[in-house]
Amino acid sequence: MPATALKPEQLFTLDILAPNLVGYQAPQAAHDPAGDWTQSYRLHSLGRVRGPAVGGALGTVALTRKRLDDQRFSLQVTCQKPAGGKFTDKLEARIEARAERLPVAERWTWKSEIVDGDGQRVADSGMERSATAQPDALLFANPPRRTPIHGPWTLAWLLFEAIGRLPREPFAPLSFTLVDDFDQIKPGGALAYAQTQSVILGDRPVQQTRIEELPQGRIHKTSWEMSGGRPVPLHVYHQLGQGIVPWVYWVDDRGRPLLIVSGIEAYVLEAGQK
């Protein structure tokens, strides 16, 4: 662990997220990134810099990994974001992939819809798609389309799974084509280890009282100070590429991505996740 533990507000990409990490308790249970697990995230918007909604929770993301055999797994994705007013944008997807260092998707389905405050789908807001991979192309249905693809590639959501299995030390950067939003081809991607940093997590405001002696007498002064946090070693990975904002992943020793910052959005893993 690095000798110096820093607070989130002292670290680039965590500084803007710091107000949402007050009292954050990182999961401490055992975790196998290559096993079966479910991880739920709070999705925060970091676009606002003033007002009561600064960095407020924007939505939720749940990921469930299940082993299909020794070499393959499925990843279930559920994402909900506000769509304005009382409406919610819902996304559900299922991906089957080979568990290589950079996961290789074999087939996937995804559907999205907008629901109202009663959970009812808004008319004409639904969409359902599917795709399968061939050695040199992706075959999409609804409508049918064949998209050539060459060299290493992966789906954007699979990086949430892959990042936990990567070495927690320097390695040759992974170069690949990113398939974003399940069907958007974005070449020139790169994923690399950056550093390991001890981060103080769990600080919360605590009232402190001290006595101050004045010529006129003794007074009690009250102040609020951040305390109670503990240093957590986090391994940092950077993802860059054409047509995307930079992504920064902060991963714990057990391979759980705790904090992920992507442009003006951030994902914070809920405590108690397996």
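Okay, so let's start with the lining of the largest pocket: its residues split into 16 nonpolar, six polar and nine charged. Here nonpolar is Ala, Val, Leu, Ile, Met, Phe, Trp, Tyr, Cys and Pro, charged is Asp, Glu, Lys and Arg, and polar is the others, Gly among them.

Quick caveat before I go on: this is a predicted model, where local features need pLDDT of at least 70, side-chain atom pairs count only at pLDDT 80 or more, and totals for chains, interfaces and linings use all residues. Residues are numbered from 1 along each chain as its sequence is written, and side-chain values use heavy atoms, with hydrogens and water left out.

Back to that pocket. A pocket, on a 1 Å grid over the protein atoms alone, is an open set of points where a 1.4 Å probe fits, with protein on both sides within 12 Å along at least five of seven lines, and lining residues have an atom within 4 Å of a point. The volume of the largest pocket comes to about 700 Å³, counting the space filled by probe spheres set on the points, with points joined across faces, edges and corners. Its lining takes in 31 residues, and nearest the centre you find K81, W157, D180, D181 and Y267. Which elements supply at least two residues each of that lining? Among them are β4 (72-82), β5 (88-98), β6 (104-115), α1 (158-162) and β18 (265-269). Helices (H or I, at least four residues) and strands (E, at least two) are DSSP runs, numbered from the N terminus.

Now the second largest pocket, with about 230 Å³ of space. It has 13 lining residues, and F12, T13, H238, P246 and V248 are the ones nearest its centre. Two or more lining residues come from each of β15 (230-240) and β16. By class, this lining is nine nonpolar, four polar and no charged.

Let's stay on H238, which sits in strand β15. Is H238 buried, exposed or partly exposed? Partly exposed, at a relative accessible area of 37%; the cut-offs are under 20% for buried and over 50% for exposed, with partly exposed in between, using a 1.4 Å probe and protein chains only. Leaving out residues up to four places away in sequence, H238 touches A190, L191, A192, A194, W247 and V248, where a contact means heavy atoms within 4.5 Å. P173 is 65 residues from H238 in sequence, yet their C-alpha atoms are 9.6 Å apart.

On to the aromatics. There are 12 aromatic pairs in the structure; rings of Phe, Tyr and Trp (its six-membered ring) pair if their centres lie within 6.5 Å, and planes under 30 degrees apart are stacked, over 60 edge-to-face, the rest tilted. Take Y41 and F160: their ring centres are 6.1 Å apart and the planes sit at 80°, so that's edge-to-face. Y41 is in strand β2 (residues 37-45) and F160 in helix α1, so the pair ties together parts 119 residues apart in sequence. Both count as buried, Y41 at 1% relative accessibility and F160 at 2%. Y193 and Y237 are edge-to-face too, with centres 5.8 Å apart and planes at 80°. Both of those tyrosines are buried. There's also one aromatic cluster made of Y41, W157, F160, W247, Y249 and Y267.

Last, the whole chain: one helix and 18 strands, with 41% of its 274 residues buried.
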